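This report describes selected local features of one protein model. The sequence and structure are displayed first, and the description follows.

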Amino acid sequence: MPAITLTTLQSLKQKGEKITMLTCYDATFAHACNQAGVEVLLVGDSLGMVLQGHDSTLPVTTAEMAYHTACVKRGNSDALILADLPFMANATLEQTLSNSAMLMQAGAHMVKVEGALWLAESIRLLAERGVPVCAHMGLTPQAVNILGGYKVQGRNENQARQMRADAISLEQAGAAMLLLECVPSELAAEISQAVKIPVIGIGAGNATDGQVLVLHDMLGLSITGRVPKFVKNFMHGQDSIQSALKAYVSEVKATTFPGIEHGFSA
């Protein structure tokens with residue numbers, strides 16, 4: 001397939017075709033995901049848990065993110081590479097610009113930041129300097145200690161109203177994409193309709209413009225044995241990892257994944 005760009009993703013949203021995204025941390029899986037037709041590779045700070053064995057994403061450093069981004073770039077030919085700014089890497093505007101530059105120079109096409117309205121100024125500055133930004137809202141794992149655990153966000157009307165308003169404001173600030181994690185399906189659908197930029201969901205129902213899962217989760221690999229409600233094991237019924245990756249792409253495109261059972265209500 002031709003190289004995926006922001007223009008490609010915007011076109012997919014306008015056409016109503018779902019966008020497929022998976023986490024990816026190395027060259028081999030980057031190549032495999034390319035062959036399966038995955039459009040966006042997320043070099044996620046989830047690597048702290050699935051690769052490094054930590055109990056959260058907080059220990060991951062920007063240098064480690066840059067290393068894995070460079071690995072993914074070497075195996076990638078077609079997909080858009082999205083890289084996470086890890087915990088406290090965007091604590092100040094100066095840090096945000098410097099650390100984003102490091103990830104872009106390592107091979108990212110876009111950076112992802114966790115938060116809400118307070119991200120607006122840094123998103124504006126990055127966009128002005130040629131760095132596309134994906135704003136990660138809802139359950140933001142870097143804030144797990146503030147949130148009191150991995151809980152669904154936006155269930156009460158005040159939270160939902162604020163999240164809708166923040167999403168619109170971040171788009172106006174220059175965000176090129178939104179990622180909604182563990183958000184009630186109805187709210188995620190409303191936000192997807194309210195903004196013109198692509199909205200990717202994880203545990204946010206199937207009315208968003210696309211889906212993302214952690215690669216290891218969708219392959220049925222888990223250190224802890226705890227499987228989030230929004231995960232499906234795509235290795236079931238498949239004879240190879242490549243087949244599982246293709247099944248994921250196919251089901252997202254057909255809107256058969258996620259099902260109602262993978263989402264949350266208000």
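## Conventions

Helices (H or I, at least four residues) and strands (E, at least two) are DSSP runs, numbered from the N terminus. The model is predicted, with local features requiring pLDDT of at least 70 and side-chain atom pairs counted only at pLDDT 80 or more, while totals for chains, interfaces and linings use all residues. Residues are numbered from 1 along each chain as its sequence is written, and side-chain values use heavy atoms, with hydrogens and water left out.

## Helix H4

Thr 69 lies in helix H4, which spans residues 62-75. Its relative accessibility is 0%, so Thr 69 counts as buried (buried means under 20% relative accessible area, exposed over 50%, and partly exposed in between, with a 1.4 Å probe and protein chains only). Leaving aside neighbours within four places in sequence, Thr 69 is in contact (heavy atoms within 4.5 Å) with Val 43, Ile 81, Ala 83, Leu 103, Ala 106, Gly 107 and Ala 108.

Thr 62 also belongs to H4. Thr 62 counts as buried because its relative accessibility is 12%. Residues up to four places away in sequence aside, Thr 62 touches Pro 86, Ala 89, Asn 99, Met 102 and Leu 103. Its C-alpha atom is separated by 13 Å from that of Ser 46, which is 16 residues apart along the chain.

## Annotated binding site

An unreviewed UniProt entry places the feature "binding site" at Asp 45, Ser 46, Asp 84 and Lys 112. These positions are spread over 68 residues of sequence, yet they cluster in space, with a largest C-alpha distance of 12.5 Å. UniProt positions are given in the numbering used here, feature names are shortened, and annotations may be inferred rather than shown by experiment.

Asp 45 is located in the loop between strand E2 (40-43) and helix H3 (47-50), and Ser 46 is found in the loop between E2 and H3. With a relative accessibility of 4%, Asp 45 counts as buried; Ser 46, at 13%, counts as buried too. Not counting residues up to four places away in sequence, Asp 45 touches Thr 57, Val 60, Met 65, Asp 84, Pro 86, Glu 114 and Gln 142.

Strand E6 (residues 177-181) is mostly covered, with five of its five residues buried. Met 177, Leu 179 and Glu 181 are buried on one side of E6, and Leu 178 and Leu 180 are buried on the other.

Strands are taken to pair if DSSP finds at least two bridges between them. E6 runs parallel to strand E5 (residues 133-138), to which five bridges join it; Met 137 has Leu 180 in E6 as its bridge partner. Four bridges pair E6 with strand E7 (residues 199-202), likewise in the parallel sense, and Glu 181 has Ile 202 in E7 as its bridge partner. Together with helix H9 (residues 185-194), E6 and E7 make a right-handed β-α-β unit. Right-handed means that, with the strands pointing away from the viewer, the path from the first strand over the helix to the second runs clockwise.

## Nonpolar core

In soluble globular proteins, nonpolar side chains tend to be buried together. A nonpolar core is a set of buried Ala, Val, Leu, Ile, Met, Phe, Trp, Tyr and Cys residues joined through side-chain atoms within 4.5 Å. The largest such core has 85 residues, and those with the most contacts inside it are Met 21, Leu 22, Leu 178, Leu 213, Met 218 and Tyr 248. Helix H11 supplies the largest share of this core, six residues.

Leu 22 touches, among others, Val 38, Val 40, Leu 213, Met 218, Leu 245 and Tyr 248, not counting residues up to four places away in sequence.

## Aromatic pairs

Rings of Phe, Tyr and Trp (its six-membered ring) pair if their centres lie within 6.5 Å; planes under 30 degrees apart count as stacked, over 60 as edge-to-face and the rest as tilted. A search of the whole structure finds three aromatic pairs. One of them, Phe 234 with Phe 257, is edge-to-face, at 5.2 Å centre to centre and 85° between the planes. This pair links distant parts of the chain, 23 residues apart: Phe 234 is in the loop between helix H10 (215-218) and helix H11 (241-253), and Phe 257 is in the segment after H11.

Phe 234 and Phe 257 are both buried. With Tyr 248, they form one aromatic cluster.
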